[in-house]
Amino acid sequence: MAHNVMLFAAGFGTRMKALTQTCPKPMIPVAGRPLIDHTLELAQALRPDRIVANLHYLPQVLEAHLTPRDVLLSPELPQVLDTGGGLRHALPLLGTAPVFTANTDVIWKGANPFQVALDAWDPAQMDALLVCIPISRCRGRKGAGDFSRDHAGRLRRGGDLVYGGVQILKTEGLQDIEEEVFSLNILWNDMAQKDRLFAVEYPGHWCDVGHPEGIAIAEELIADDVV
């Protein structure tokens, strides 16, 4: 069974500077096609019942691109709701079962990260499973890693693992958060305290395309023979 998928596509893309003045970040061309299509294709390969994308900045551009591709839309108005608020807002479209969420400003090189997560998912012990990459296999990454994991795969803050932007997540805990605008980090912190936040290591390479220099780095990775 493939879980439904939430694509995060509502952000302003401020790190992209002039590139996003008239184009939402997910629509910036990378290797000849919109950045979001690289992630969308990976999600579609699992044949989920539904793929949902949240919209806020320049929504009409994304709407025109995604609707013909059978992506359901979750507009966020008047304000953007961040990852946690945005996911909770989209739950009527996604349903109550665990969902995939995916950032749309990255490039994966190797195995399908959605399948990597699905193969390792154990709902009996996990409330979230994040696909993480050792920083040595990351390109375009600025700064340190995000997490480390113990022998069982449980996550803790700090370390050389980078969250790649794809996860499987149980969403029940979103209802307990009072804020309207909030990051999924709040939910992760609660799961970590209960020893139910886990990671699976991605076996390939990964690139952050959240900044202008990342475009050329990503295109080089796509063309590269690395595995």
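Colleague: Where is the place of Ala31?

Modeller: The model is a predicted one. In it, Ala31 belongs to the loop between β2 and β3 (33-34).

Colleague: Why is Ala31 called partly exposed?

Modeller: Its relative accessible area is 38%. Buried requires under 20% and exposed requires over 50%, so a value in between is called partly exposed. Ala31 is therefore partly exposed.

Colleague: Why is Lys17 called exposed?

Modeller: The relative accessible area of Lys17 is 61%, and the cut-off for exposed is over 50%. Lys17 is therefore exposed. Lys17 also has a positive phi of about 55° without being a glycine, and it sits in the loop between β1 (5-8) and β2 (29-30).

Colleague: How do you know which form the peptide bond from Leu77 to Pro78 takes, cis or trans?

Modeller: Its omega is near 0°, and the bond is cis. Most peptide bonds are trans. Pro78 is in the loop between β5 (72-75) and α3 (82-94).

Colleague: What makes β7 and β9 edge strands?

Modeller: Three strands form an open sheet of mixed pairing, in the order β7-β14-β9. In that sheet β7 (106-109) and β9 (138-139) each pair on one side only, and they are its edge strands.

Colleague: How do you know that β7 and β14 are paired?

Modeller: A pair needs at least two bridges, and four bridges join β7 to β14 (residues 205-208). The two strands are therefore paired, and they run antiparallel. Within this pair, Val106 stands opposite Asp208 in β14.

Colleague: Which helix packs on the sheet?

Modeller: Helix α6 (residues 213-223) does, touching β7, β9 and β14. The direction of α6 makes about 160° with that of β14.

Colleague: What makes β13 largely enclosed by the rest of the structure?

Modeller: Strand β13 (residues 197-201) has five residues, and four of them are buried, so the strand is largely enclosed. Strand β8 (residues 128-134) is joined to β13 by five bridges, and the two run parallel. Ala128 has Leu197 in β13 as its bridge partner.

Colleague: Why is α1 called mostly covered?

Modeller: Eight of the ten residues of α1 (residues 35-44) are buried, and each buried residue has under 20% relative accessible area. The buried residues include Leu35, Asp37, His38 and Leu42.

Colleague: Which residues touch the most other members of the largest nonpolar core?

Modeller: That core has 46 residues, and Leu7, Leu66, Phe100, Trp108, Phe114 and Val209 touch the most other members. Helix α1 gives the most to this core, with five residues. A second, separate core of 26 residues includes Val52, Leu130, Cys132 and Leu169.

Colleague: What does Val209 touch, leaving aside residues up to four places away in sequence?

Modeller: Among the residues it touches are Met16, Val30, Leu35, Ile107 and Ala218.

Colleague: How many aromatic pairs does the structure hold?

Modeller: It holds five. One of them joins Phe100 and Phe114, 5.2 Å centre to centre with 75° between the planes.

Colleague: Why is the pair of Phe100 and Phe114 called edge-to-face?

Modeller: Ring centres must lie within 6.5 Å to pair, and planes over 60 degrees apart count as edge-to-face. At 5.2 Å and 75°, the two rings form an edge-to-face pair. Phe100 is in strand β6 (residues 99-103) and Phe114 in helix α4 (residues 113-120), 14 residues apart. With a relative accessible area of 0%, Phe100 is buried, and Phe114 is likewise buried at 0%.

Colleague: What kind of aromatic pair do Trp108 and Tyr202 form?

Modeller: Theirs is edge-to-face, at 4.8 Å centre to centre and 75° between the planes. The pair links Trp108 in strand β7 with Tyr202 in the loop between β13 and β14, 94 residues apart.

Colleague: Why does Trp108 count as buried?

Modeller: The relative accessibility of Trp108 is 11%, and the cut-off for buried is under 20%. Trp108 therefore counts as buried. Tyr202, at 0%, counts as buried too.

Conventions: Residues numbered from 1 in each chain as written. Predicted model: local features only at pLDDT ≥ 70, side-chain atom pairs only at ≥ 80, totals over all residues. Heavy atoms only, no water. Buried < 20%, exposed > 50% of the residue type's maximum accessible area, 1.4 Å probe, protein only. Contact = heavy atoms within 4.5 Å. Axes fitted to C-alpha atoms, helices over the stretch in contact; angles between N-to-C directions. Core = buried A, V, L, I, M, F, W, Y, C linked by side-chain atoms within 4.5 Å. Phe/Tyr/Trp six-rings, centres within 6.5 Å; stacked < 30°, edge-to-face > 60°.
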